[in-house]
Amino acid sequence: MLRYQEEARDHLDAIARIPVPTSAGHAVPLSEIATIRIQGGASRIYREDGRRYLALKFSVRGRDLGSTVSEARAKVAKVLRVPPGYSVEWDGELESAQRAAKRLSIVIPLTVAFIFVLLFAMFRRTHEAALILGEQATDLRRR
């Protein structure tokens, strides 16, 4: 994989003249060993970790994100045959939300425990600390 300067990439003539080294030690123009043409395709091909990837995006309206992505994954898995050397990965808002929920499932209980310890240190009674913490939780649920 090579990436040439923009002026060499944007013109077919410049691409056709790119020298390609041979096993004999000399170079031939790319046009002698390949057919060069402009062809429609992906509007943008990204690169990450030395691999190319194509990002496909879609939006969700009128449905929840989780069930929509699950349905899309099932449909794609049913009809898409991935050749060796290729892979399909799903990433986006759903995965970000799932990672955030996983972190919050740890952070929130730790925060509540810390608040309980502070209340206990202030009142020196488990019952009062639990009562205040419970009252706050009830107020939050009412909102």
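Is R124 buried or exposed? In this predicted model, R124 has a relative accessible area of 61% and is therefore exposed, since the cut-off for that class is over 50%. R124 sits in the loop that joins helix 4 to helix 5. Its backbone has a phi near 60 degrees, a positive value in a residue other than glycine.

Helix 4 covers residues 93-123 and helix 5 covers residues 126-142. Their axes come within 8 Å and cross at roughly 130 degrees. An angle of 65 to 115 degrees would count as roughly perpendicular and one over 145 as roughly antiparallel; helix 4 and helix 5 are therefore oblique to each other. The crossing of this pair is right-handed. On the helix 4 side, the contact is formed by V112, I115, F116, L119, F120 and F123. On the helix 5 side, T126, E128, A129, A130, I132 and L133 take part. Sorted by class, the residues of this contact are 10 nonpolar, 1 polar and 1 charged.

E128 belongs to helix 5. With a relative accessible area of 28%, E128 is partly exposed, because the value falls between the 20% and 50% limits. The C-alpha atom of E128 is separated by 9.9 Å from that of F116, and the two residues are 12 apart along the chain.

The crossing of helix 3 with helix 4 is left-handed. L65, G66, V69 and R73 of helix 3 are in contact with E93, L94 and E95 of helix 4. By class, this contact has 3 nonpolar, 1 polar and 3 charged residues.

T68 is another residue of helix 3. What is its setting, buried or exposed? T68 has a relative accessible area of 11%, which is under the 20% limit, so T68 is buried. Leaving aside residues up to four places away in sequence, T68 touches F58, V60 and R63.

The strands come next. Strand 3 runs over 46-48 and strand 4 over 51-53, and D49 lies in the loop between them. Phi of D49 is near 55 degrees, again a positive value in a residue other than glycine. D49 is exposed, because its relative accessible area of 72% is over 50%.

Which two rings form a pair in this part of the chain? The ring centres of Y46 and Y53 are 5.3 Å apart, and the ring planes stand at 25 degrees. Planes under 30 degrees apart count as stacked, so this pair is stacked. The count of aromatic pairs in the model comes to 1. Y46 has a relative accessible area of 28%, so Y46 is partly exposed. Y53, at 36% relative accessibility, also counts as partly exposed.

Notes:
Residues numbered from 1 in each chain as written. Predicted model: local features only at pLDDT ≥ 70, side-chain atom pairs only at ≥ 80, totals over all residues. Heavy atoms only, no water. Axes fitted to C-alpha atoms, helices over the stretch in contact; angles between N-to-C directions. Helix = DSSP H or I, 4+ residues; strand = E, 2+ residues; numbered from the N terminus. Parallel < 35°, antiparallel > 145°, perpendicular 65-115°, else oblique. Left-handed = near helix turned anticlockwise from the far one by under 90°. Contact = heavy atoms within 4.5 Å. Nonpolar A, V, L, I, M, F, W, Y, C, P; charged D, E, K, R; others polar. Buried < 20%, exposed > 50% of the residue type's maximum accessible area, 1.4 Å probe, protein only. Phe/Tyr/Trp six-rings, centres within 6.5 Å; stacked < 30°, edge-to-face > 60°.
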